[in-house]
Every structure is written in structure tokens, then in C-alpha cells.
Amino acid sequence: MPRLLASALSLRRDPRLLKLPPYLSLLCIVVGVVWLFLLPLDDYSRRTYISENALLPGQVHTYFGGSDQNVFRAYKHETDELAGKGNIEVNDKLESIAKGLGLKVGRQNFTYSSAGNTHSGQNIYAILQAPRGDATEAIVLVAAWKNVKGEPNRSGVPLVLTLARYFKRWSLWSKDIIFLFTPDSIAGPQAWVDAYHDAHDSSRVASLPLKSGALQGAIALDYTRETRFQSVHIVYDGVNGQLPNLDLINSVNHVAGGQMGMGVAIQEMWKHSNSYHDRLQTMLRGMLKQGLGLASGPHSSFIPYHVDAVTLQPFGDGWQDEMAIGRVIEGTFRSLNNLLEHLHQSFFFYFLMQKERFVSIGTYLPSAMLVAANFTIMAIALWVKSGQPEVQKVITEKTETAEEAEKLALPNPHAAMERDLFLPLVLVAACQFAGVVPLYLFNHLSESALIPAFVLFTVLSAILPFLLSNLLHTSATSTTTQQYHLIRSFSLLLLGMFLSSLATLNFSLAFLVGVFSAPLTFVRPCPNSPILKWLSMAVLYILSPTTVVFVASVLPDLDEKVGCGLGEVLRQAAFAWDVTGTYTPVVVWCVWWPAWIVGVVSVLGRPGAGDGKVKNA
């Protein structure tokens, strides 16, 4: 037994083992990326199915249509006259219509400040009390006056008014129905949902004068076109990558695609051939939206409160009219009306490859975990390496042969070095806390100062590693090889810990940051190899957070022909931070950017002599 323990101890300190971690880290990255690209295959994805039997989508006959089309035209004529008028005038007209239908009406004022701009408005909502209910549960139908692109919801608002009049005639409702009209698609719904759950800031958002029961689901209608359409687009991405219960999407798909016979699209894939390429493109589009964490429609504000919601957008040129989308909403609402409890049986974490194909979290999560694990593997290896003395060939006058000199240079396998932790801990902690500076600036500066501040920060961010490297080199005690090992170890350990935790909350964001940060695993001081040093620097600066943000701002956004611009990206990020609580800036500036700074400092490092004192283990 003592001999076995001695062998194990010698094996643990065998320098050959320290050559394996870089290859293991690379293997984790490659397997993680390849795993992701295998997901669209039939062997890794599954067909969608409805877990909650009580929904029974498509099992009822819808009656919306006929004379209701004349009602829709009348309401559309009245709402068209409101074009160009103020929010209060619009709400006055909507209130008179809602009260004429016998509904209870409430209003709510809100004011948000972001990037020096003030976003204020007034929401109006009407409650249809369920004839067969006790006001303990409710479903929401949302129609924003303008969609996320700022386009007027020309047909959506009158159609919701028509549905309100139609639903009022039926006595089958067991849940209250709330008809919500907001001036925009982000701030208005967020203010209303926050106030409904008493989670609002009373100084910015007014409380609701009327409430119903617990919200069981929500459908938002984004219907800007005034002509017939072909298919319906289901928007389901929520804030910070959160998603509604898959049963809701499946129900809408079943009602629209099965019962109504209209096409259904997701992730702006207007044409989907169900090929590997289209499946992969659909998944990557979903990952990009979830990674950004921005609200994609009025429904996004409901999801953080565990209220399953989607937005419906008619698109294409076809023969379907407004009565068809109205019947889709009716069928979906009648399915939700059947629920005996909140949606819970299906999936909340998934990737949709197409409308009827998905991958659950148990299948795709290992991809991001492997990428995050590569940082932890290298961090542990660097920690072990920092405790071992360096092999140095020292030839003295007393050594007669080179073999004797090399034998004397070999370290004691049972020897260990005392680790000097102060400098590595201070440097890594300082870089982590420095991430608060860009986080604060980009979320509190005015819109006109965002671009100059970003340019200035980019320049300072590029210079900072050189300043830190010179400071470490010119300090009273030169930074040792051991300390550089510890600096990288602590930084990679934090990065791996953050990303592995984030992967369970927002897989897409964790995976994207992990892939962009992958070169940080392999960087090291290169004082004697200028070519390798500057090549490493070029790769790190190309994949820096500031570069990625700039490139993302000029690239075309999905189906758009041009990018939205750097100023618009920074403004949207600040708005999302202030209004919807998007935490993507925290990950970029407080997790990714500090690790990048430490990585560049490591490449510029010039380790000095004197790696600590050796002690016997």
C-alpha cells in the first residue's frame, strides 16, 4: 500500500500529465460545437406533441366570421381616424368602445427614462368577467398601437375590439379575458405586467385600478397589413432567453396549421423545406435572439412572470383574411379556457428546428457545458502547475557531464512550491470590478454620448493590457512564471464557473460567450516568440467584446439588408436594461471583458526569475 501511494503521488506530479489539459480543453470545445451542429438531425430532435390533454386544441368549432367582418370594418374605420392622434385621444375612443360593450375599463400611466430619453404613455385595458368563473384566473389578449418596428398595428387593434364584442356574447368562458391596448410593444406591456404583479416602481409606473385573477396565458396580435395573408408567424422569444411552455406554441400551431389550414412559420423562416440547412438556420436564429435577451414583442414581458405568451404576425400574400386569424385566436383561447391548472407538463427549455420539430434541454445542454468545462480544466491544470518547481538546467563547475547536470536539474517529485497568491488575486479581482465601469456608463449616458463613449472605451480597453503588463514587469518584484499561472488559473476558473451557471438559465448566451472566449484557454506568455505573441494578440483583439459588439451592429439583422448601427445597438441595450431587465450587458462587461483583459495581459507577460520557495511535500 505505501508503494502504491508513492506511485500515485509520483504520477500526480509527473510533468507529462500537465501536457494533457490543453488537448482535453480543445477536445471539449470541438465536441461541444460539433454536438450543436448535430442537433438538427432526426436522431437528436423529436416531433412536437401536446402534453396537457385538457387543452384539446382544434377540437371545437369556431364561429367567428360572417357578420363579424362587418363589425371589424366598422371598428377599423373608427381606428383609422385615430391615426396621428395622441395616446390620450386614442384611449378616450377605445374606452368609449369598450364601455359600450359592457366591459370594465382601466387606465395606467407609465414613464421610463433610458439613455437620456423619456418613454411615457398610457395603457388602457378592459376586463370581460367570465360568466362561469370566479375571477381567480384570466387570459390576456394584447394589441399594441405600434409593433416593435414602430409600425402601426392597423388591423390588430380593430380585430381585438371585434373579438371583444364577439367573446362578450358567449357564456362558455370559465376564465376572465383581459383586452390590453398599449401605445408601444415593449414599455407599455412591461409596465402593465409589472403593475399587475405588484412588482413595479410606483415613481415610474402607476398601479392598476382594476385586476382579475392569476394570468394563465397571453396572446399578442401584431397585424400591420391591410391585405389578405398566407401564413402566421409565431414569435415566442422572451426576455433573457426565457421561453413560454411548448404546449402553447403547439396549440397555436395545431389550431392554425391543422384546423384552419394556414401555414405557420417561426424565427422569420418564411419558407422552410425541413432540410438540415433550414433546421440549422432556424435553431441558430433562435439562439441569436435568446443570446441577445431582448424583448421580441408584447408577449416577452409576460414570460418572466411565468405567464406563457406568444405574438402572432400574419405574413405573405394569400387568401386568408382577418376572420381567419380571429378564428385562430378564438380556438387558442378556448383551449386555454379548458385548462384546470397552469401549463406545466411540457418543456420550458427547448430549441425549435421547425414548427413540428424540437430539441429539449437534456439534449442540447451538454454542448454549452463542454465549452464551459474547458476553462475549468485548464484552470485546474494551471493551479497544479503553479505548485511545481520549474525544471532548469544548471551546469556548475562541479558537474562533469551533461547527464549529471540534467539529473541535478530534475525537481524532487515530492517537492512543492509555496504559491504567492496576493498579486494574482488582486489583479483578477481588479479586472472583475473594473467591468462595472462600462456597465454603468453604457446604461446611464445620454444617447448622443453613447458612440463617443464606446469609441473612447474601445481605445482604453486596447491600451489597458499594455499598461498592466508594464506595471507587472516594472514592479519592485518582477512577476514570476508561477504568478502568471495563477492569474490565468483564477480568471479561467471564474469564467468557467459563470458560464456553466449561465448555461442553465440562458444556454445561447453562455454558448456564444464561451465560443468567443475559447482562445483565452490557450494563451500564455510568449517573451521569446514575437511571432506567436503578436499572432495571439491579433486573435484576441479580433474576438474582443468591443470588436464583436461593433461588428454585430453593422451586420444585417436577419432579413434586413443593413445593420441597425452602433448607436442603435447601444440605445437598445440601455433601454432593455432599464425597462425589461435584460442582463446581457452584465455578462458582456462583467464576465467576458475581464477575462479578455487578463488573457491579453498573459500574452504580454514577461515572467521574471525566482518562482518561490520549494518545500517538501
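Guide: Here is a short tour, from the overall fold to single residues.

Visitor: What am I looking at, and what should I know before reading values?
Guide: This is a predicted model, where local features need pLDDT of at least 70, side-chain atom pairs count only at pLDDT 80 or more, and totals for chains, interfaces and linings use all residues. Residues are numbered from 1 along each chain as its sequence is written, and side-chain values use heavy atoms, with hydrogens and water left out.

Visitor: How many helices and strands in the protein chain?
Guide: The protein chain has 20 helices and 13 strands. These are DSSP runs numbered from the N terminus: helices are H or I with at least four residues, strands are E with at least two.

Visitor: How much of the chain is buried?
Guide: Of its 617 residues, 51% are buried. Buried means under 20% relative accessible area, exposed over 50%, partly exposed in between, with a 1.4 Å probe and protein chains only.

Visitor: Which stretches are annotated "transmembrane region"?
Guide: The unreviewed UniProt entry lists several, including residues 20-41 and 492-522. UniProt positions follow the numbering used here, feature names are shortened, and annotations may be inferred rather than shown by experiment.

Visitor: What does the model show over residues 20-41?
Guide: Residues 20-41 are 82% helix and 0% strand, with end C-alpha atoms 32 Å apart.

Visitor: And over 492-522?
Guide: There the chain is 71% helix and 0% strand, and the end C-alpha atoms are 11 Å apart.

Visitor: Switching to strands. Which way do residues point in β11?
Guide: Strand β11 covers residues 357-360. Arg357 and Val359 point one way, Phe358 and Ser360 the other, and all are buried.

Visitor: How does β10 pair with β11?
Guide: Antiparallel, over 4 bridges, with β10 at residues 350-354. Pairing takes at least two DSSP bridges. Tyr350 has Ser360 as its bridge partner, and a hairpin of 2 residues joins the strands.

Visitor: What about β1 and β11?
Guide: Also antiparallel, over 2 bridges; β1 is residues 46-47. Arg47 stands opposite Arg357.

Visitor: Last one: how many disulfides?
Guide: The structure holds 0 disulfides, each being a pair of cysteine sulfur atoms within 2.5 Å.

Visitor: Are Cys28 and Cys590 buried or exposed?
Guide: Cys28 is buried at 12% relative accessible area. Cys590 is buried too, at 15%.
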